[in-house]
Amino acid sequence: MSPAPKKPAPRRKAAPSARKTATAAPAVRPADASTRAERVLAFLLRGMAPGRRDKLYAYLQLTRMDRPIGALLLLWPTWWALWLAARDFPPVGPLVIFTLGVFAMRAAGCAINDYADRKLDPLVARTAGRPIASGRVTPREALYVFAGLLVFAFVLVLFTNRLTILLSFAGAALAAAYPFTKRYTHLPQVVLGAAFGWSIPMAFAAVSNNVPPVAWLLFIANIIWSVVYDTEYAMVDRDDDIKAGAKSTAILFADADLVIIGILMATFLLAMLLVGTRSGLGWPYWIGLCATAGLFGYQQWIMRERARDACLTAFRHNNWVGLALWVGIVLALAL
């Protein structure tokens, strides 16, 4: 009698690497997320339990902490205004308040934007991985995040003066209204520019307790610049937005987009030239303005074929525009 064949011993499943589990980002990610920022966030959250870590990571994605470029595009005009209002290095108090406020308001704006776009984002390839669109954050949770960040930003403003506090209500209204404008107008980028640039009159009010004409000129210039870079951003999604029924300047400008963007770039340069002359800025500022013209020329060159990746690169490239002008302002006031 032959012995019964032995059953093969069941294979033990290899335990997942603890290090990989602790540092890996969630699989769902927006297509335009920054790999470097994701690594930083994953490193900071590496010691948390997986469930809690993934939820907190989803909140950080909701507020775009994985894409810091938007906060930087809001920060540079705020710093332009603080330095011009102070005519030197600004007081530490307003500098800290407005820098923190920039990140808080940008995060709040992103939360309400994703709430407003919760039915649109799943239809667009670049935004389908956003937390609400992918089901990792509920719409109600997004509203709670938005409200909490608004409260935090308002507490910061309470440390300024009465004029700045009054202006802050208009800024909050613009931030809340922007996400809904893309359903009714092809010019949501203009509302975005006003929302992003409202920190300019607020910064002047906080430092000098008034809002001079040059502040409003800088505010208008920032709206024009915002239309430039957000149109570049919208060109990435143009085909998907048309199918989904969304509206943008990229759709409005159609095949004249690069020409109109070029005109807007030239108008922005003219507005910033007037800001420089009215503020009595010296030669470092004019070098910064020339550098800005060169950066705009580079953006036009890389977008010439209207490729999606090139348009996204051009959008991100505006960070250098803001930096060049800020350095020019700082050096001109220091001399």
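1. A quick definition before anything else: a nonpolar patch here is a set of nonpolar side chains joined within 5 Å, built from residues with over 30% relative accessible area and no salt bridge. Keep in mind that we are looking at a predicted model.

2. With that in hand, the surface patch to look at is formed by Val-151, Phe-154, Val-155, Leu-158, Phe-159, Leu-166 and Phe-169, and together they have about 700 Å² of accessible area. Two elements, helix 6 and helix 7 (162-181), each give two or more residues to this patch. Helix 6 has the largest share, with three residues.

3. Phe-154 sits in helix 6, and its relative accessible area of 32% makes it partly exposed.

4. Now the overall fold. The chain has 15 helices and zero strands. Of its 335 residues, 52% are buried. Looking at contacts with a separation of 6 or more, 72% are between residues 24 or more positions apart. The accessible surface comes to about 16300 Å², and carbon and sulfur atoms account for 67% of that.

5. On to the inside. The largest nonpolar core has 76 residues, and the members touching the most others are Trp-80, Phe-204, Leu-218, Phe-268, Met-272 and Tyr-285. Helix 10 (residues 213-236) supplies the largest share of this core, 16 residues. There is also a second, separate core of twelve residues, with Leu-62, Ala-107, Val-137 and Phe-146 among them.

6. Setting aside residues up to four places away in sequence, Tyr-285 touches Met-272, Leu-273, Val-275, Gly-276, Leu-325, Gly-328, Ile-329 and Ala-332. Met-272 is itself listed with Tyr-285 among the core members that touch the most others.

7. Is Asp-121 buried or exposed? Asp-121 lies in the loop between helix 5 (92-116) and helix 6 (139-157). Asp-121 counts as buried because its relative accessible area is 4%, and the cut-off for buried is under 20%. Beyond its neighbours within four places in sequence, Asp-121 is in contact with Asp-114, Thr-127, Ala-128, Arg-130 and Ala-133.

8. Last, a word on confidence. The chain averages a pLDDT of 87, with 90% of the residues scoring at least 70. Residues 1-27 are another matter: pLDDT stays under 50 there, and the model has 13 contacts beyond four places in sequence for that segment. Where pLDDT is low, the predicted coordinates should not be read in detail.

How values were computed:
Residues are numbered from 1 along each chain as its sequence is written. This is a predicted model: local features need pLDDT of at least 70, side-chain atom pairs count only at pLDDT 80 or more; totals for chains, interfaces and linings use all residues. Side-chain values use heavy atoms; hydrogens and water are left out. A nonpolar core is a set of buried Ala, Val, Leu, Ile, Met, Phe, Trp, Tyr and Cys residues joined through side-chain atoms within 4.5 Å. Buried means under 20% relative accessible area, exposed over 50%, partly exposed in between (1.4 Å probe, protein chains only). Helices (H or I, at least four residues) and strands (E, at least two) are DSSP runs, numbered from the N terminus. Contact means heavy atoms within 4.5 Å. Accessible areas come from the Shrake-Rupley method with a 1.4 Å probe; for residues, only the protein chains shown count as cover. pLDDT is the predictor's confidence in each residue, from 0 to 100. Patches are made of residues with over 30% relative accessible area and no salt bridge: like charges are joined within 9 Å, nonpolar side chains (Val, Leu, Ile, Met, Phe, Trp, Tyr) within 5 Å. A salt bridge is a side-chain nitrogen of Lys or Arg within 4 Å of a carboxyl oxygen of Asp or Glu.
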